[in-house]
Amino acid sequence: MTDLVDNPFFARLWTVLSGHEPESLRRLRAENLAGLTGRVLEVGAGTGTNFAHYPGGVTEVVALEPERRLAEVARAAAATAPVPVVVSTAAIEEFDAGAEFDAVVCSLVLCSVDQPDGVLRQLHSSLKPGGELRYLEHVAGTGGRAALQRVADATLWPRLLGNCHTHRHTETAIAGAGFTVAESRREQTFPAWVPAPVSEIAIGRAVRS
């Protein structure tokens, strides 16, 4: 088993940022979780920002957050969640659940894992047949935004922001892992003129066949 992730700078930064999310992002979180039922695996739970949005049909959430400081904050959020939530400090790369879950949730996390293709294959195997992957993720842009993302990814952005890589073709990787993307769209979290590499988010639902 790997050691716990120890990233105090990012943990402090993310705790502040997640505590001041815009209403537009909170609405997307709620939409991404709407209609879920049964057992859910949430990967990269952060401070537990999603927990308050889980619908009543969810019987249990197993939330993975390997950064120990963020996990502590997530456990506090789990205590007031409307559904049962268990927070684990296991990384997804070492978590072997078998096909036990009705759904997997990824929110702003696939940009930060070292091997997204392998992680997505593992998530596919964690789902029951017909289970869903719900995702809300930073994705690669086009044109000038893509160039900005490549520069950010090659310089300080991943080091400062928990290994976040902004120019990833995440939905292509989801399909490559064996999922069928059933619903997907792009949303802007900042105005188009703002030079931010993480301004575009993909929200969608993919199914294990």
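**Figure 1. Leu 108 lies in the loop between β4 and α4.** The model shown here and in the other views is predicted. Leu 108 has a phi near 55 degrees, a positive value in a residue other than glycine. Most residues other than glycine have a negative phi. With a relative accessibility of 14%, Leu 108 counts as buried, because the cut-off for buried is under 20%.

**Figure 2. Asn 163 in the loop between α6 (157-160) and α7.** Asn 163 is a residue other than glycine with a positive phi, near 70 degrees. Its relative accessibility is 24%, so Asn 163 counts as partly exposed.

**Figure 3. Buried residues of helix α4 (residues 116-126).** The buried positions of α4 are Pro 116, Val 119, Leu 120, Gln 122, Leu 123, His 124 and Ser 126. Strands that these buried residues pack against include β1, β4 (101-107) and β5 (127-138). Packing partners of the buried α4 residues also include α7 (170-176), β6 (179-188) and β7 (200-208).

**Figure 4. The aromatic pair of Phe 10 and Trp 14.** A search of the whole structure gives one aromatic pair. Phe 10 and Trp 14 form this pair, with ring centres 5.8 Å apart and 25 degrees between the planes. The pair counts as stacked, because planes under 30 degrees apart are classed that way. Phe 10 and Trp 14 are both in helix α1 (residues 8-18), and because they are four residues apart there, about one helical turn separates them. Phe 10 counts as buried, at 15% relative accessibility.

**Figure 5. Packing of α1 with helix α3 (residues 68-78).** The axes of α1 and α3 are 8 Å apart and meet at an angle of about 30 degrees. The two helices, α1 and α3, are therefore roughly parallel to each other, the cut-off for that class being an angle under 35 degrees. From α1, the contact takes in Pro 8, Phe 10, Ala 11, Trp 14 and Thr 15. The contact of α1 with α3 has six nonpolar residues, one polar residue and one charged residue.

Figure 6. Thr 47 is buried, its relative accessible area being 8%. The side chains of Thr 47 and Ser 18 are joined by a polar contact of 2.9 Å. Leaving aside neighbours within four places in sequence, Thr 47 is in contact with Trp 14, Thr 15 and Ser 18, among others. Leu 70, Val 73, Ala 74 and Ala 77 are also among the residues in contact with Thr 47.

**Figure 7. Gly 56 in the loop between β1 (38-43) and β2 (58-64).** At a relative accessibility of 73%, Gly 56 counts as exposed. Gly 56 and Gly 38 are separated by 18 residues in sequence, and their C-alpha atoms are 9.5 Å apart.

**Figure 8. Glu 187 in strand β6.** Glu 187 counts as partly exposed, with 25% relative accessibility. A polar contact of 2.7 Å joins its side chain to that of Arg 185. Leaving aside neighbours within four places in sequence, Glu 187 is in contact with Leu 28, Ser 199, Glu 200, Ile 201 and Ile 203. Glu 187 and Val 113 are 74 residues apart in sequence and 22 Å apart from C-alpha to C-alpha.

Notes:
Residues numbered from 1 in each chain as written. Predicted model: local features only at pLDDT ≥ 70, side-chain atom pairs only at ≥ 80, totals over all residues. Heavy atoms only, no water. Buried < 20%, exposed > 50% of the residue type's maximum accessible area, 1.4 Å probe, protein only. Phe/Tyr/Trp six-rings, centres within 6.5 Å; stacked < 30°, edge-to-face > 60°. Contact = heavy atoms within 4.5 Å. Axes fitted to C-alpha atoms, helices over the stretch in contact; angles between N-to-C directions. Parallel < 35°, antiparallel > 145°, perpendicular 65-115°, else oblique. Nonpolar A, V, L, I, M, F, W, Y, C, P; charged D, E, K, R; others polar. Polar contact = N/O pair within 3.5 Å; in protein donor to acceptor, adjacent residues only side chain to side chain.
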